[in-house]
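These are my notebook entries on one structure. I set down what I looked up, entry by entry.

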Amino acid sequence: MRGVAKLHRKMKRSKLAGNIETAILYLILIAVSILFVIPFLWLLFGSFKEGSELFRAPFRWLPDRIQFDNYKQMFTAIPFLKYLKNTLIIVFFNIVGSTVSSSFVAYGFARLHWPLRNKIFMIVLATMVLPFQVTMIPLFIMYTNWGWIGTFLPLTVTCFFGNPFFIFLFRQFFVGLPKELTYAARVDGANEFRIYSTIIMPLAKPCITTVAIFAFMRTWNDFIGPLVFLADDDLYTLSLAAQLLRSNLDPRWHILLALGVVMVMPVLIVFFLMQKYFIQGVAMSGIKE
Amino acid sequence: MNMTRKNSIRKPMRAEKKEALTAMVFIAPWVVGFLVFTLYPILSSLYYSMTNYNVLNPPSFIGFENYINLLKDKVYLKSLTNTLYMIVIGGTITIIVSLIVSIIMDNRKLRGISLFRVFFFMPTLVPTVIACVLWIWMLQPTTGVVNTLLGYLGITGPGWIASPTWSKPAMILMMIWACGNIIIVNMAGLQDIPQSMYESASIDGANFFQKVRTITIPLLRPVILYNSVTLIINILQWFAEPLIMTEGGPDSSTLFYSLYLYQNAFQFFKMGYASAMAWIMLIIALALIIFLLKFLKFGESE
């Protein structure tokens, strides 16, 4: 009896301790996430502030009044629509090129057997983390010789040769599809290209979505690629436009903040709509298969 | 009888060969891309690294002079130590913070985790240039949000990116802010740890910290290692942030490896010199990649 009572007391105490523990964990999470979200709120509030309001001390969180002048001025301070169009052109080619070429290559690594396959796939994985700076200078020289600098070609053509990370994502997905799926088609004499395009690809929609989202995000956010290869300011992307505004002698910060909101919004919207695909893609990048 | 047996042996062999040939067609785009846009540039970079080359005149061969000069270049050594600072101090703090956050979020008793996950992941979605603009303002000494928040706690914040001592810690703050990817990878790894292990440890009377130390950390080691190596490679590439925010200043305190490489190549037009820097970087990165592939047996099984 005494033993039971003791156990009961112990359980009660551990339940209380458990509740306190849970409360502390929540407090930590809330505190940290507030710190993570504050910059977003600051950006949003800042985009409504007038230029002089930004520099005023002491700091105030909210703008004096909600006004959209910064957003209107954005269209005149920089050729916004032209830069948006340039960005979208590059994004479009990257989405199409990456999904088509990477899935095609991945099929060869996932559904077909050949000698040295795993060794070669190691090279694909190694190039996934290869720093851009390593190839940046020779690529610049090569593109200069080809007359590609000052065109979209360096930022669009390369994505038609398969991106290592996307090949990896497609391969993981294809490996997971059951063998029986293609067996019947093979017996019927369908060739591998037919199987790839009519059986495998229609099933790969989730993976295609993940890759398309990543291709969009990487290209939309890319800074160093356009900076090095797009010498012509007619071809600038929104990222370069932001840097252009920033590096002015008198940066018009209030316009820059409005441009910031405009650039962050599409990515956040895609993220909220397609969260599952995002998280899966990122989580997979760390899974060693 | 004999004929059919012969056929059944020969047929798979022919099919095998055909399959391998078909596979070559499938991987051809990657092979071409790899040769033209990766392997050839890497090899030609080795040649450029042994030349004096300013793009306008043809490269002239000078042997290992660039490499020798790099070792004597005080600015280069400064960029190396700055980068090392970010790797050792910034990298460690980022890995620890993201571990703490992920371990807390792995607690099955907590609800609303998906919402917190959104908050932590959001910063990774912000375009680099905008993140930089944002943090230039967040870190303003008098009107910045960071020092305002510190002021609420009664702390007078430093000058951050305006101060040579505080500019690197300022960039570490940015790095931690963008650690959402690491958290997601950690959480995927944590989910693979069987819940029963924690339960049996609880029955043995282990508290939260003991469980983390004896179960979570050892089992999560491959994931932590993967995150660390990719983070180091990312820090080696840390470039846009110092370029946009500080241009390497004040007093070269944020002049990192990749920024100095970029400046040499595209501001001073010392392509050969910058290529030598790129090759040293390649060797460091390759050593890390090989270590990772060997240690994790990444991609070896089916």
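Entry 1, cavities. I take a cavity to be a set of points on a 1 Å grid over the protein atoms alone where a 1.4 Å probe fits but cannot get out, and its lining residues have an atom within 4 Å of a point. I note that this is a predicted model, in which local features need pLDDT of at least 70, side-chain atom pairs count only at pLDDT 80 or more, and totals for chains, interfaces and linings use all residues. Residues are numbered from 1 along each chain as its sequence is written, chains are lettered from A and ligands numbered from 1 in the order in which they are written, and side-chain values use heavy atoms, with hydrogens and water left out.

I searched the whole structure and found 2 cavities of 30 Å³ or more. The second largest cavity holds about 90 Å³ of space, a volume being the space filled by probe spheres set on points joined across faces, edges and corners. From chain A, its lining takes Trp42(A), Lys49(A), Glu53(A), Leu54(A), Arg56(A), Pro58(A), Phe59(A), Arg60(A) and Leu62(A). Chain B supplies Trp137(B) and Thr143(B). I sorted this lining into 6 nonpolar, 1 polar and 4 charged residues; Ala, Val, Leu, Ile, Met, Phe, Trp, Tyr, Cys and Pro count as nonpolar, Asp, Glu, Lys and Arg as charged, and the others, Gly among them, as polar.

Helices are DSSP runs (H or I, at least four residues), numbered from the N terminus. Contact means heavy atoms within 4.5 Å. On the α3(A) side I list Asn70(A), Tyr71(A), Gln73(A), Met74(A) and Ala77(A), and partners in α14(A) include His254(A), Ile255(A) and Val262(A). The residues of this contact divide into 8 nonpolar, 3 polar and no charged.

Domain bounds come from an automatic or database domain assignment. Chain A has domain 1 (2-46) and domain 2 (77-285), with C-alpha centres 40 Å apart. In chain A, 5 residues of domain 1 are in contact with 5 residues of domain 2.

Leu116(A) has a positive phi of about 70 degrees although it is not a glycine. I place Leu116(A) in the loop between α4 (80-110) and α5 (117-128) of chain A.

Note on methods. 1 Å grid on protein atoms, 1.4 Å probe; cavity = no way out; pocket = protein on both sides within 12 Å on 5 of 7 lines; lining within 4 Å. Helix = DSSP H or I, 4+ residues; strand = E, 2+ residues; numbered from the N terminus.
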